[in-house]
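Dear colleague,

I am passing on the structure we spoke about, and I would be glad if you could look through it alongside the notes below.

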Amino acid sequence: MTTILQRISSFSFWRIKYLVFVYTLTSFWWTKKAPQFFDVKHGKLFLEPAHGFRAYLRAKDIWEPAVREKLYHVIRPGEQMVDLGSNYGEFALQLADLAGEKGKVVGVEPDEHYFKLLTLLREFNPTLKNRMTFLNAALSHEKGLDWICKQGDIAPTFYFSDIEGA
């Protein structure tokens, strides 16, 4: 016998609708929570609930579900990846986990605040720590993909970019 939440979680559209409803009911409580680590599928993610619905979706592991699903199909063990615009690091966590022990992710984040959160992310995910390197840099002529690969000591097999805010 399955619960209603298990049925909802098998359909991302309905799960999102459900989470929107729950968030609407609980947003006052949620946004008053202190910044903290949340257990997500691939590790521990540091989030700031005051940031609202976006942080809530990340804590529920449903942020950008189509992107997450695609990564499950394309990332293979041993991949070396560059994550441009790491932000909170939820995709870096997923990439590092999917790439396995021989994989590596180099995340690039120009925002100092999020870079500090990524530093915490590494410390609180000890099994993935050695698979993730983060650089506090913005892409430029001097700090392009060659520079990133050299700093991260990788020959990337996959590039992931989520920099629409930049």
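Helices (H or I, at least four residues) and strands (E, at least two) are taken here as DSSP runs, numbered from the N terminus. Please note that this is a predicted model, in which local features need pLDDT of at least 70 and side-chain atom pairs count only at pLDDT 80 or more, while totals for chains, interfaces and linings use all residues. Residues are numbered from 1 along each chain as its sequence is written, and side-chain values use heavy atoms, with hydrogens and water left out.

I begin with aspartate 61, which is placed in the loop between α3 and α4 (65–74). Its relative accessible area is 18%, so aspartate 61 counts as buried (under 20% relative accessible area, with exposed meaning over 50% and partly exposed in between, for a 1.4 Å probe and protein chains only). When neighbours within four places in sequence are left aside, aspartate 61 is in contact (heavy atoms within 4.5 Å) with Arg15, Val40, Lys41 and Arg68. The side chain of aspartate 61 also reaches the backbone nitrogen of lysine 41, at 2.6 Å.

Leucine 71 touches Phe91, Gln94, Leu95, Leu98, Phe158 and Phe160, if residues up to four places away in sequence are not counted.

As for the aromatic rings, Phe, Tyr and Trp (its six-membered ring) pair if their centres lie within 6.5 Å, and planes under 30 degrees apart count as stacked, over 60 as edge-to-face and the rest as tilted; the count by this rule comes to nine aromatic pairs. In one of them, tryptophan 30 and phenylalanine 38 have ring centres 5.4 Å apart and planes at 45 degrees, so this pair is tilted, and both residues are buried. Phenylalanine 91 and phenylalanine 160, with centres 4.9 Å apart and planes at 50 degrees, are therefore tilted as well. Because phenylalanine 91 lies in helix α5 and phenylalanine 160 in strand β6, their pair ties together parts that are 69 residues apart in sequence.

With kind regards

Notes: A polar contact is a pair of N or O atoms within 3.5 Å; within protein, one must be able to donate a hydrogen and the other to accept it, and residues adjacent in sequence count only if both atoms are side-chain atoms.
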